[in-house]
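Dear colleague,

Please find the structure below, handed over for your own work. The notes that follow set out what was found in it.

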Amino acid sequence: MKKIWLIIKREYLTRVRNKTFILSTILTPLLFVGLITAVTFISVKNVDQETVAVVDETNLFNGKIENAKAITFSFPQGVDSTNYQQKGFSGVLYVPTDSNNKYRLISKKQFGMIAEDNLEDRINAAMENKMLKNTYNIDMQSLDSARKSAARAQVEQAYYEGGTIKKGNSGLAYGIGYGSGFLIYITLFIYGTMVMRGVMEEKTNRIAEVVVSSVKPFQLMIGKIVGIGAVGLTQLLLWIVLIIGLSTAAGAIFSQETLQQASEATRQIPSGSAAVANGAAGKWAEIQETLGSANWFLIVGCFLFYFLFGYLFYASLFAAVGSSVNEDPQDAQSLLLPITMPIIIAIIIMINAITNPSGSLATWSSMIPFFSPIVMMARIPFGVPGTVPYWQLLLSMVLLVIGFLGTTWVSAKIYRTGILMYGKKVTWKEMWKWAFRKY
Amino acid sequence: MQLLELKNLKKYYATQKAVDDISFSLKEGSIFGLLGPNGAGKTTLLRMITGIFFPDEGEIIFNGKKFNPLNDNLFIGYMPEERGLYKKMKIGEQALYLAQLKGLGYADAMEKTKYWFKRLEMETWWNKKVEDLSKGMSQKLQFVITVLHQPRLIILDEPFSGLDPVNANLIKDEIYHLAKGGATIIFSTHRMEQVEEICDHIVLMNQGKKILDGTVQNIKQEFKENLFSIQLNETPDEINSDVFDLIKRFDHKLTVKIKEGYNSNDVLKYFLQQQGIIESFNEILPSLNEIFIKLVEGTKNSRQFVKVS
């Protein structure tokens, strides 16, 4: 035990003291928060005010279209497509004289998506108002007050948990599930590869032979895996602390109103690449509103569990591959494939499962240790025991721990042989033989 | 007192009998040479002695008890043929770490590391990294790491490769010093001149089997071919004798092979009766190199892969 501890300490300290590690630990959250801040800032500040001159020959609108956030309408005389710019308008809108409803907007530059949506919304609203008034002879004022009193519907999800009603928020659950599933996916790769490289380094430097004359190969492998796992945990916790700290600081720059605006701006954009970037900014504002509805204690606990055991489950496999590789890193690629495949499949299942967290694909694959760290993390934010019954969570955890013991046992046998084997290229068939021979 | 006894050790790989029934024993405080051509099974044998491999069959007795790698490896120092160190780790920390892995406490490890660094004039290396060292320097470091924890059995696989003569002598002196202090040393090499100089006792391996075992002197006696060299101030033109055959003549120096049933006195008698004055007369013993080549010759240069049933 004392020797394993020494190995863990060395693995941990040499990595944590590394300059690259320190830089990436500090810079990643800075970049992350910086990017979101920048996007939010730009999307809020960048909504141009457009003024549109309306040419309404048939007097369809009676000289009135309500102004929208990004667009001001006016009905000046003597403005047409030749002189609107001199008169200080950014565009001129021709109201059709026939009934084909084709409005023509002439402007020098393309209106942004927000402005265009606003434009259509307002025209439709004005048309609707006019029709209601003309056809049914409804008084505008009573219409307005009727609209105001009939506020827009807002679905509030709620479910019972332990006798108390809990508010649910599927958007937030989606965000957390997606985020943590993805984070586990990425960290599995980062730290798994780190383990593999560490083992390869020891093998190619031939230090392995010196060390295994002092300790058992299994101790060396476990020490390395635990040491790097501790590095991963350190990095993750620092990231979380830094991201929360930095985003609180960044949040202070914006007023609540601006954030609201950003979030609204997002909702109005139907799709497109801008939506993703903007979506993050919008989600942020949204999340701040609804953070309270998530069971953070459970989610963070489960995340740490699945992060740790998912890492342990895969790390020993990465170690086994590292021990079988010779100097040529090309060999690693082909040997790695059977390990990276399940991780990639898991992320594909996760993307599917998050839209249907109680579906049979989601349920079953969150039991299988190869996929459970990623898939189960996507399901948990939707509610325990609502979406994920306790027995499923427990079974998934137990299976993952058993799986971890299994992969470690198999990997240790491959590792023991591989670490001292030089020269020839190892095949999966041979690794299989190393793993299951008796002695 | 025998420090190490190997009894019928066997280790078979899928296509090789790497070590095939090897037995020998080592006296405490002796310097022992394990010789053999490439691929003879030396490294496999050494790995079994260090506890890295388990023998398929046979027994290792260390210090009078059955060898237990977990407890006994504190008493063994192993320097593998392929040198291995962490390239990015500071040298002082590295030595400390490896000493602690052997089982030394921190303070003890620190004290011994400092002692050896001072002894071999390596104090200024402490905060350097291995990648900053030359090959010879890292060789020296590797040696220090091997002997740091005062092992009773020191196994050195090709310890002088890559060292300049000054540093090689330095390491050689350290090896003598350690042996004098009671440590037993196993040398594995195919550089015969070093073995002749250093080792008390050698074992020659080929194709996984032991083909020679004994002290250097005994082995040389065993393989001598009754060759003598004589130097005269003037040599007769005709040399004809029933006692010996003339093998070589170079200027006034002759090499003769004494025939069965005669001895060196008979040769001297012959030359005393001749005109010239004998300036020197001595026996030519075969070098280990010659013995080695003679024994290994005839077997295939490289080991063949065979099916091991």
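**The sheet of chain B**

Strand β7 (residues 153-157) and strand β8 (residues 184-189) of chain B run parallel and are joined by five bridges. Helices (H or I, at least four residues) and strands (E, at least two) are DSSP runs, numbered from the N terminus; two strands count as paired if DSSP finds at least two bridges between them. Within this pair, B:Ile154 stands opposite B:Ile185 in β8(B).

Please note that this is a predicted model: local features need pLDDT of at least 70, side-chain atom pairs count only at pLDDT 80 or more, and totals for chains, interfaces and linings use all residues. Residues are numbered from 1 along each chain as its sequence is written, while chains are lettered from A and ligands numbered from 1 in the order in which they are written.

Both strands belong to an open sheet of six strands in chain B, with the order β6-β7-β8-β3-β9-β10 and mixed pairing. Its edge strands, each pairing on one side only, are β6 (76-79) and β10 (209-215) of chain B. On average, and ignoring direction, neighbouring strands of the sheet are turned by 15° against each other. Axes here are lines fitted to C-alpha atoms, for helices over the stretch in contact, and angles run from 0 to 180 degrees between N-to-C directions.

Two helices that pack on this sheet may be noted. Helix α5 (residues 135-147) of chain B touches β6 and β7 of chain B, and its direction makes about 160° with that of β6(B). Helix α6 (residues 165-180) of chain B touches β3 (31-35), β7 and β8 of chain B, its direction making about 145° with that of β8(B). Contact between two residues requires that their C-beta atoms, placed from the backbone, lie within 7 Å.

**Chain B as a whole**

Chain B has ten helices and 14 strands, and its C-alpha atoms fill a box of roughly 75 × 55 × 35 Å along the principal axes. Of its 309 residues, 35% count as buried, that is, with 20 or more other C-beta atoms within 10 Å of their own. Of the contacts in chain B with a separation of 6 or more, 70% are between residues 24 or more positions apart.

**Where the chains meet**

In the interface, 16 residues of chain A are in contact with 18 residues of chain B. On the side of chain A, α1 (2-16) and α6 (207-212) each supply at least two residues; the largest share, six residues, comes from α6(A). α1(A) has 15 residues and reaches 21 Å from its first C-alpha to its last, close to the 21 Å expected at 1.5 Å a residue, the expected span being 1.5 Å times one less than the number of residues. Buried residues of α1(A) are A:Leu6, A:Ile7, A:Ile8, A:Arg10 and A:Glu11.

**Nonpolar cores**

A nonpolar core is a set of buried Ala, Val, Leu, Ile, Met, Phe, Trp, Tyr and Cys residues joined through C-beta atoms within 7 Å. The largest has 127 residues, and those with the most contacts inside it are A:Val195, A:Ala319, A:Val375, B:Ile155 and B:Phe187. Helix α10 (residues 296-324) of chain A gives the most to this core, with 14 residues. Apart from this core lies another, of 14 residues, including A:Ile71, A:Phe89, A:Ala115 and A:Leu119.

With kind regards

Note on methods
Buried ≥ 20, exposed ≤ 12 C-beta atoms within 10 Å, placed from the backbone.
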